[in-house]
Amino acid sequence: MQYGLIGEKLKHSYSKIIHEMLGEYQYDLCPLTPQQVEQFMTKKQWKAINVTIPYKQTVMPFLDSIDDHAKAIGAVNTIVNNDGRLEGHNTDFGGFLYLVKAHGVSLKDKHVLVLGSGGTHKPVTAVCKAEGAASVLTVSRYPKENEISYEDCKNHPEIEVIVNTTPVGMYPNNGNCMVEMQWFPQCQAVFDAIYNPFRTELLLRAEEAGILAVNGFEMLVAQAIYAAEFFMNRSIPYTEIERIRQTLKQQLFNLVLIGMPSCGKSAMGKAASRLLGKKFVDLDAEAEKLAGMPIAELFEQQGEQAFRELEAQLCKKFGAENGMVISTGGGVVKNADNLRALHQNGVIVFLDRPVDKLEVGNGRPLSSSKEALRQMEQQRRPLYEAAADKIVKNNGDFDAVVAQIKEAFYEVSGA
């Protein structure tokens, strides 16, 4: 290995993709046990590496020099092997600073709450102090001196910015969150260092409260670009951060189609998946596989509730994955938890087709008549509209509508 990343668990890291998008070197993921770190560092059989959890401090005794930034933070995430001399740097500071500024947030005179006291806490706190925050409170499950507990958070309504540096809510443990947004009536922005899923439960709660909610994906890309500058000993245009962020986000985000039964979700979803280069998943078809029978038969034998339980299970499963086009059943919006699961990594598009063009029957147990469809549409329309990031009218040419779906996806995912 010449360039790469060391850490304990790297299976879901995007670092390789980001570095190799620069097109200048191969970047390898090298998971190490704690017992392997010393041998790896002393052999020095590499040109430059990044370091992630839990070794950002472990590697420091092996270094010949550490820059002032990394010393102040007390952690190293980038090491250059300069003819056997190991030089340590930290690009997390610059990454978080880029994230904050990219979203127009000023930390000056703000009361900031930092969730977690681990490695990412250090650069985040350093940025807050450097930017003139009025106060920085650290929250820990096991608070030490100058830290508070999660229970104590309720006693700080003055908080204006929240930053999560813990792995709570990170894939595969999606959906977890340690705080409630109603505790912080003055909150203006929530940043989450987690980037998988794109919307953690914390960010979903912030969005619902009308608060700016930002994940750590831009921070990841920015710190990787800054590390690459050390790797190659030259500057890289900042426009590369935005280019790589937007390209990767569009590759990794799911397109989720919702709408009435027979509105075209499956056919247009398959066509959109080909245009976008994504895997197509039909949740109704997946439900039939799990049930071992057609949906109509499942309704008849076990009732609608049995189907809804399967549907919820599938929303949770596929909503946590990336890079797919997901066609949902017409009633998926009846369960708010389904939408949370699908929204965490997805752009949700409501495919709106006039009721008079919807099919009656054809294996759809709730579409028994035109009147049944009209009543269903009246009940569900508000749910579809509330859940959708974009609405696309399906009352024209097939290819033209698919193109509109594609553009709607790019518009939201590129934001």
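**Helix packing, sheets and cores in a predicted model**

In helix 4, Asp92, Gly94, Gly95, Phe96, Tyr98, Leu99 and Ala102 meet Glu218, Met219, Ala222, Gln223 and Tyr226 of helix 7, where contact means heavy atoms within 4.5 Å. The model is a predicted one, in which local features need pLDDT of at least 70 and side-chain atom pairs count only at pLDDT 80 or more, while totals for chains, interfaces and linings use all residues. Residues are numbered from 1 along each chain as its sequence is written, and side-chain values use heavy atoms, with hydrogens and water left out. Helices (H or I, at least four residues) and strands (E, at least two) are DSSP runs numbered from the N terminus.

Helix 4 spans residues 92–102, and its axis lies 8 Å from that of helix 7 at an angle of about 135°. Axes here are lines fitted to C-alpha atoms, for helices over the stretch in contact, with angles running from 0 to 180 degrees between N-to-C directions. The two helices, helix 4 and helix 7, are therefore oblique to each other; angles under 35 degrees count as roughly parallel, over 145 as roughly antiparallel, 65 to 115 as roughly perpendicular and the rest as oblique. The crossing of helix 4 with helix 7 is right-handed, a crossing being left-handed if the near helix is turned anticlockwise from the far one by less than a right angle, and right-handed if clockwise. Eight of the 11 residues of helix 4 are buried, so this helix is largely enclosed by the rest of the structure. Buried means under 20% relative accessible area, exposed over 50% and partly exposed in between (1.4 Å probe, protein chains only). Among the buried residues of helix 4 are Phe93, Leu97 and Val100. Just after helix 4, Gly104 adopts a positive phi of about 65°.

Helix 7 (residues 217–232) also lies across strands 1, 3, 5 and 6, at about 5° to strand 5. An open sheet of six strands has the order 2-1-3-5-6-4, with mixed pairing. Strand 2 (28–31) and strand 4 (65–66) stand at its edges, each with a single partner strand, so one side of each is left without a neighbour in the sheet. Strands count as paired if DSSP finds at least two bridges between them. Strand 5 (residues 78–82) and strand 6 (residues 85–89) are antiparallel over five bridges, with Ile79 opposite Gly88.

Elsewhere, strand 10 (residues 161–164) pairs in the parallel sense with strand 7 (residues 111–115) over four bridges, Val161 being the bridge partner of Val112. Strand 10 also pairs in the parallel sense with strand 11 over four bridges, and here Asn164 is partnered by Asp192. Val161 and Val163 point one way from strand 10, Ile162 and Asn164 the other way, and all are buried.

What about the nonpolar interior? A nonpolar core is a set of buried Ala, Val, Leu, Ile, Met, Phe, Trp, Tyr and Cys residues joined through side-chain atoms within 4.5 Å. The largest has 77 residues, of which Ile18, Tyr25, Phe217, Leu255, Ile258 and Ile405 touch the most other members. Helix 7 supplies the largest share of this core, 10 residues. Apart from this core lies another, of 21 residues, including Leu99, Val124, Ala133 and Val163.
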